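Subject: Structure for you to look at

Hello,

Here is the structure I promised to pass on. Please open it beside this email and follow along.

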Amino acid sequence: MPIKATETSFLATSPLVAWGEFVELTGIREDRIRELMELGWLQPGGHTHEAPLFRQIDVYKTRKVDRLCEDFELPSLAGAIIVDLLERIEDLENRLRELTR
């Protein structure tokens, strides 16, 4: 039976990514991802009965951490701190830009 246009709303793309897809999209070793989770820096946006689910934005952030750690030979904790600080700076710059308009 074909799906009608009115029945497709439940088929919308999920904002969450399953573990296997997350590992594939980030291209990062599973042990680094688990380490970031143990540090509390990477927190799943939900869980299935089998595995954690991650937000789409976590793909980008996790790749950024991994790139920093690999390029500068940093531990995961240092990379996570740097990414957090960069995000804070970007947020403050955006707020400042809004205030000066």
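Trp19 and Phe54 are both buried (buried means under 20% relative accessible area, exposed over 50%, partly exposed in between, with a 1.4 Å probe and protein chains only). The model is predicted: local features need pLDDT of at least 70, side-chain atom pairs count only at pLDDT 80 or more, and totals for chains, interfaces and linings use all residues. Residues are numbered from 1 along each chain as its sequence is written, and side-chain values use heavy atoms, with hydrogens and water left out.

**The rings**

The structure holds two aromatic pairs. Rings of Phe, Tyr and Trp (its six-membered ring) pair if their centres lie within 6.5 Å; planes under 30 degrees apart count as stacked, over 60 as edge-to-face and the rest as tilted. Trp19 and Phe54 have ring centres 6.0 Å apart and planes at 45°, so this pair is tilted. Trp19 sits in helix α1 and Phe54 in strand β3, 35 residues apart. Helices (H or I, at least four residues) and strands (E, at least two) are DSSP runs, numbered from the N terminus.

Phe22 and Phe54 are stacked, with 4.2 Å from centre to centre and 20° between the planes. This pair also links distant parts of the chain: Phe22 is in α1, 32 residues from Phe54 in β3. Why does Phe22 count as buried? Because its relative accessible area is 0%. Phe54 counts as buried at 0% too. Ring pairs link Trp19, Phe22 and Phe54 into a cluster.

**The strands**

Two strands pair if DSSP finds at least two bridges between them. Strands β1 (residues 16-18) and β3 (residues 52-55) run antiparallel, joined by three bridges. Val17 has Phe54 as its bridge partner in β3. Strand β2 (residues 46-47) also pairs with β3 in the antiparallel sense, over two bridges. There, Gly46 is partnered by Leu53. β2 and β3 form a hairpin, with four residues between them.

Ala18 belongs to β1. Is Ala18 buried or partly exposed? Ala18 is partly exposed, because its relative accessible area is 36%. Leaving aside neighbours within four places in sequence, Ala18 contacts Pro52 and Leu53 (contact means heavy atoms within 4.5 Å).

**The core**

The largest nonpolar core has 16 residues. Such a core is a set of buried Ala, Val, Leu, Ile, Met, Phe, Trp, Tyr and Cys residues joined through side-chain atoms within 4.5 Å. Those with the most contacts inside it are Phe22, Ile33, Leu36, Trp41, Leu42 and Val65. Helices α1, α2, α3 and α4 each supply at least two of its residues. The largest share, four residues, comes from α3. Neighbours within four places aside, the contacts of Val65 include Leu36, Trp41 and Val83.

**Helix α2**

In α2 (residues 30-38), the buried residues are Arg32, Ile33 and Leu36. They cover an arc of only 100° around the axis, so they lie on the same side of α2 (the arc is that of the directions from the helix axis to the C-beta atoms). Their cover includes α1 (19-26), α3 and α4 (76-99). Just after α2, Gly40 takes a positive phi of about 85°.

Asp66 is in α3 (residues 56-72). Asp66 counts as buried because its relative accessible area is 15%. Not counting residues up to four places away in sequence, Asp66 touches Ile28 and Arg32.

Best wishes
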